[in-house]
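This report describes a protein chain in plain terms. Look at the sequence and the model first, then read on.

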Amino acid sequence: MSTANTTPSTAAEDSPLLISTEGAVRVLTLNRPQALNAFTTGLLGQLRVALDEAAHDETVRAVLITGAGRAFCAGQDLSDPHIKPEFDEHAGEVDAHKKPKAKDIGNLLDHYYIPLALRLRSMPVPTVCAVNGVAAGAGANFALGCDLVLAGQSASFIQAFSKIGLVPDCGGTWLLTRLVGRARAMQLALLGDKLPAADAQAWGLIARCVADAELQSEAMATAQKLAKMPTKALVQTREALDASMDLEFEDALKLEARLQSQLGYAHDYLEGAAAFLTKRQPTFKDR
């Protein structure tokens, strides 16, 4: 990833989340490489704050998310106190397999994953994810919640939930069926098998699979390209495509008309049309 015109990370190098800015692109790097960047409540909270800050920073026109080390994110860290099973201290010593106490994992989702997934999906700028290794469980679905997903050739996606008796979360049940259809979504979710990046592209799960050595530069180039485009139109394109999955055709046509009415009065349409007619490069500003 290029370091030209880059603002250094605003977090300490040992922080679970590194934040930097390259031009109009805000870069968020999951930084728990020793744990394959697995989520903790601390990291989830920092991610949400960082996305909020990017959303409210008018100089940010795209967000790029990636991971440090050899993985993107292995999902939820099961050693986190909010999810780690607690064993009954009074269980008899004769019981070699002490039973853990029940844990309300839904509480974790309510307070951390749902706000994060909603924040990501409602970002006022386009989001790009560079998956640099395994993306498992909630890590996979967090990545898939971004607008464009690029993955290195050695990367893979795993819906690991069924292996520990859970269902896909962080938006997985909504995303998977829309991205690859019910049959393949069921295959991924029920079997929990590893899906290599090349197959993920072939299935339509991600936008592109690229050589590992080119992933970060390709992802940054994509984010920089998006940052120069009409941001408001890109975001409303996302909203229209998502909404269309649940709309009748006529209702989708009406939504298109309503959005075009709004965008037609915006600076970027007038600038884009004028630039096209005068054969010059446009300068987009709306957010």
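## Basis and secondary structure

Helices (H or I, at least four residues) and strands (E, at least two) are DSSP runs, numbered from the N terminus. By this rule the protein chain has ten helices and 13 strands.

The model is predicted: local features need pLDDT of at least 70, side-chain atom pairs count only at pLDDT 80 or more, and totals for chains, interfaces and linings use all residues. Residues are numbered from 1 along each chain as its sequence is written, and side-chain values use heavy atoms, with hydrogens and water left out.

## Overall dimensions

The C-alpha trace of the protein chain spans about 85 × 45 × 35 Å along its principal axes. The radius of gyration is taken over C-alpha atoms, and the globule rule is 2.2 Å times the number of residues to the power 0.38. For 287 residues, a compact globule would have a value near 19 Å; the protein chain has 21 Å, which agrees.

## Burial and contacts

Buried means under 20% relative accessible area, exposed over 50%, and partly exposed in between (1.4 Å probe, protein chains only). Of the 287 residues of the protein chain, 45% are buried.

A contact means heavy atoms within 4.5 Å. Among contacts between residues at least 6 apart in sequence, 64% join residues at least 24 apart.

Ser156 belongs to strand E11, which covers residues 156-158. Is Ser156 buried or exposed? Its relative accessible area is 5%, so Ser156 is buried. Apart from neighbours within four places in sequence, Ser156 has contacts that include Gly133, Val134, Ala135, Lys194 and Pro196.
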